[in-house]
Amino acid sequence: MLLQYAVPSPSDMKQAVLQQLYITPCDWQIQSAHAQLQHKDVITISPTESGTTMTFWIPMLFNAEGIMIIITPLNILGEKTEIKVNLFGIPAVNLTAKTTTDKTFNGF
């Protein structure tokens, strides 16, 4: 069963990101996030530090009841993502060998 939510227009998404995250997203970031909200498969290839992370933060703003699983190649990237999205009020947890405990899962 797919979650039911209204997919905002790209211009509405851009405005919401600016208002909620205080960041002006690039058009390619909005396009990627918009496709994800439409349940399309997306592959984004981008250099380090170019803003790829924003492509999976943006959908979290519009799918509050959903769960998003993000797999990163480095634990430190997962830690940074968890800290940053929590600062913006988006609940997140970074699961690693150290944090995968009953206590962590009972918090959900």
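Glu49 counts as exposed because its relative accessibility is 78%; exposed means over 50% relative accessible area, buried means under 20%, and partly exposed is in between, with a 1.4 Å probe and protein chains only. Before I go on, this is a predicted model, where local features need pLDDT of at least 70, side-chain atom pairs count only at pLDDT 80 or more, and totals for chains, interfaces and linings use all residues. Residues are numbered from 1 along each chain as its sequence is written, and side-chain values use heavy atoms, with hydrogens and water left out.

So where is Glu49? You'll find Glu49 in the loop between H2 and helix H3 (54-62); helices here are DSSP runs of H or I with at least four residues, numbered from the N terminus. Glu49 isn't a glycine, yet its phi is positive, near 70°.

Tyr22 is another one to look at. Its loop runs between helix H1 (10-21) and helix H2 (27-37). Tyr22 isn't a glycine either, and its phi is positive at about 60°. Buried or exposed, then, for Tyr22? Exposed, because its relative accessibility is 67%.

Okay, on to the domains. The chain splits into domain 1 (1-65) and domain 2 (69-107), with bounds that come from an automatic or database domain assignment. Their C-alpha centres are 19 Å apart. Eight residues of domain 1 touch six residues of domain 2, where contact means heavy atoms within 4.5 Å.

How much area is buried between the two domains? About 680 Å², and carbon and sulfur atoms give 88% of that. Buried area here is the accessible area (1.4 Å probe) that two parts lose on being put together, summed over both. On the domain 1 side, Phe56, Trp57 and Met60 lose the most area to domain 2, together 66% of what that side buries.

What about salt bridges? Between domain 1 and domain 2 the count is zero, taking a salt bridge as a side-chain nitrogen of Lys or Arg within 4 Å of a carboxyl oxygen of Asp or Glu.

Which helices face domain 2? H1 and H3 each supply at least two residues of the side of domain 1 that touches domain 2, and H3 gives the most, with four residues.
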